[in-house]
Amino acid sequence: MASNSISVLNALDNARTQWYHVTAIVIAGMGFFTDAYDLFCISTVSKLLGRLYYYNPTTGKPGKLPHSINNLVIGVALVGTLAGQLVFGYLGDKLGRKKVYGITLILMVICAICSGLSLGSSPKAVMGTLCFFRFWLGFGIGGDYPLSATIMSEYANKKTRGAFIAAVFAMQGVGIVFAGLVSMIMSKIFLDFYAGPSFSSDPVFSTEPEADYVWRIILMLGALPGLLTYYWRMKMPETGRYTALIEGNAKQAAADMGKVLDIEIQADQDKLSQFNSANEYKLFSHEFFRRHGRHLIGTMTTWFLLDIAFYSQNLTQKDIFPTMGLTNKPENVSALREMFETSRAMFVIALLGTFPGYWFTVAFIEKIGRFYIQLVGFFMMSVFMLIMGVKYDYLRNTNHKWTFAALYGLTFFFANFGPNSTTFVLPAELFPTRLRSTCHAFSAASGKAGAMIGAFGIQYFTQDGDVGKIKKAMMLLSFTNILGFFFTFLVTETKGRSLEEISGEDGGYDEPPQVAEKRTDDRPENWEDESKKY
């Protein structure tokens with residue numbers, strides 16, 4: 001029973017790229033823009049919070065968030081994200097992608113606004129409120145991962161599906177760039193009006209009182225993209241695959257997708273019954289493990305290993321910027337000036353290193369394939385981090401700071417033109433429709449567990465600028481990346497095949513990567529008849 005004999009699935013797989021594909025990318029992508037903006041703008045804000053709320057005159061140094069508070073402020077959103085991924089991923093399969101999609105957005109908008117407010121003015125009250133709302137912000141953000149990926153994969157045609165899912169994820173790159181840009185603009189505006197002296201010349205007034213507004217405005221602006229796209233998100237119909245294969249309503253699926261694609265589609269209700277009866281196994285069944293166990297282990301381990309490196313790099317770059325010479329020492333600048341320099345450095349690294357990698361993936365994923373992009377990306381990240389770790393003393397010398405910045409930027413480039421994008425794409429393609437959102441959620445949550453190790457563990461090595469500790473951190477990250485390279489062999493290439501063919505829902509057979517690739521690249525005309533011989 002081949003899936004492409006069900007008209008609605010066939011229509012989706014072979015649809016030409018239309019305006020609705022572009023709108024779906026923007027609507028799903030805005031969630032990721034918000035995700036990245038909210039998660040990464042806290043890096044620029046955290047130094048300012050330290051100077052505002054944790055200045056101790058006896059130390060003779062600018063205020064700094066205590067390690068435990070710093071880890072909590074940055075890490076609490078990641079904990080929320082992990083929980084949100086699992087909860088909303090499961091609900092996406094049970095209640096429908098669209099029903100749950102609006103809830104995540106409302107949660108993100110409300111919590112982004114609330115995280116800029118604080119109940120009370122003491123450090124404990126401000127940090128307590130901030131952490132509470134950042135947890136729930138993360139919870140909403142978490143739901144967006146499996147839902148956006150699943151919706152995009154189920155809407156897309158088979159020729160450009162990888163590029164479309166990668167484009168949704170590439171909005172994360174835009175969000176990271178804007179996190180740096182907005183922080184830079186806001187701190188610059190306030191600097192022009194309220195610039196204070198450097199810390200060394202006046203320890204008290206070097207922390208401008210008006211700076212307390214800056215971090216609040218930056219966090220609240222994270223609600224804007226969600227507000228702008230809420231209406232459009234609510235107007236999107238449920239995906240044809242969910243309506244047909246899970247709700248069992250081929251007529252409704254044909255009507256919805258016919259409207260979207262602007263064509264007439266047959267309902268095929270009788271064929272659908274046969275199709276569904278062949279795919280009734282549960283998530284924790286022997287049949288699921290036999291068909292998809294290896295892939296699930298592959299997507300979970302690679303995303304876990306990637307995020308240890310990716311998040312520790314992004315969240316700890318503010319501690320490495322002084323080494324590169326991109327920012328002045330805190331003692332030599334005021335609080336707003338320090339924030340301006342940190343966000344400017346973050347913006348430049350994001351624009352030149354982080355941002356292009358995402359779009360390289362979009363451009364080449366259907367030519368090179370997910371498998372090879374992920375392999376090469378992990379390998380290159382490992383090489384660059386090893387060089388930075390071994391030669392850290394040499395590179396931090398003023399004469400070589402641009403070499404260091406280039407190596408750091410290249411690591412970001414190959415993370416995004418590599419496993420950071422592909423670990424998001426693959427779980428949206430490898431698993432059957434009934435379990436797609438849940439399996440993507442498992443993979444993404446595994447990634448967030450790695451991100452927590454990056455935020456809590458690796459940050460410990462970089463926070464004090466200790467050369468020996470930073471060297472160890474770089475070498476450790478190089479090792480986790482090479483592990484990711486080897487675990488990539490557990491996943492298969494998905495390029496050019498329908499979702500039902502990849503997952504085996506069409507009655508096919510779950511093939512090893514080399515067979516799948518050969519069939520994808522070099523199919524005979526009568527490949528459907530041939531497949532029955534397996």
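Visitor: To begin with the setting, how many helices and how many strands are there in the protein? Then, which residues form the nonpolar patch on the surface?

Guide: The model is a predicted one, and its secondary structure consists of 22 helices and zero strands. Of the 534 residues in the protein, 60% are buried. Among contacts with a separation of 6 or more, 83% are between residues 24 or more positions apart. The protein has an accessible surface of about 20,200 Å², and carbon and sulfur atoms account for 66% of that surface.

The nonpolar patch is formed by Tyr213, Ile217, Leu221, Leu224, Leu227 and Leu228, which together have about 590 Å² of accessible area. Two elements each give two or more residues to this patch, namely α7 (211–220) and α8 (224–235). The largest share comes from α8, which gives three residues.

Ser198 counts as buried because its relative accessible area is 19%, while the cut-off for burial is under 20%. The side chain of Ser198 makes a polar contact of 3.2 Å with the side chain of Ser200. Leaving aside residues up to four places away in sequence, Ser198 touches Ser206 as well as Glu331, Asn332, Val333 and Ser334.

His295 lies in helix α12 (residues 286–324), and it is classed as buried because its relative accessibility is 1%. The side chains of His295 and Arg294 are joined by a polar contact of 3.4 Å.

Confidence should be kept in view when these details are read. The mean pLDDT of the protein is 84, with 88% of residues at 70 or more. Confidence is highest in helix α17 (residues 419–425), where the mean is 95, and lowest in helix α22 (residues 527–531), where the mean is 44. Over residues 509–534 the pLDDT stays under 50, and for this stretch the model has 40 contacts beyond four places in sequence.

Note on methods:
Residues numbered from 1 in each chain as written. Predicted model: local features only at pLDDT ≥ 70, side-chain atom pairs only at ≥ 80, totals over all residues. Heavy atoms only, no water. pLDDT = per-residue confidence, 0-100. Helix = DSSP H or I, 4+ residues; strand = E, 2+ residues; numbered from the N terminus. Contact = heavy atoms within 4.5 Å. Patch = residues over 30% accessible without salt bridge, like charges linked within 9 Å, V, L, I, M, F, W, Y side chains within 5 Å. Areas by Shrake-Rupley, 256 points an atom, 1.4 Å probe, with all protein chains shown as cover. Salt bridge = Lys/Arg side-chain N within 4 Å of Asp/Glu carboxyl O. Buried < 20%, exposed > 50% of the residue type's maximum accessible area, 1.4 Å probe, protein only. Polar contact = N/O pair within 3.5 Å; in protein donor to acceptor, adjacent residues only side chain to side chain.
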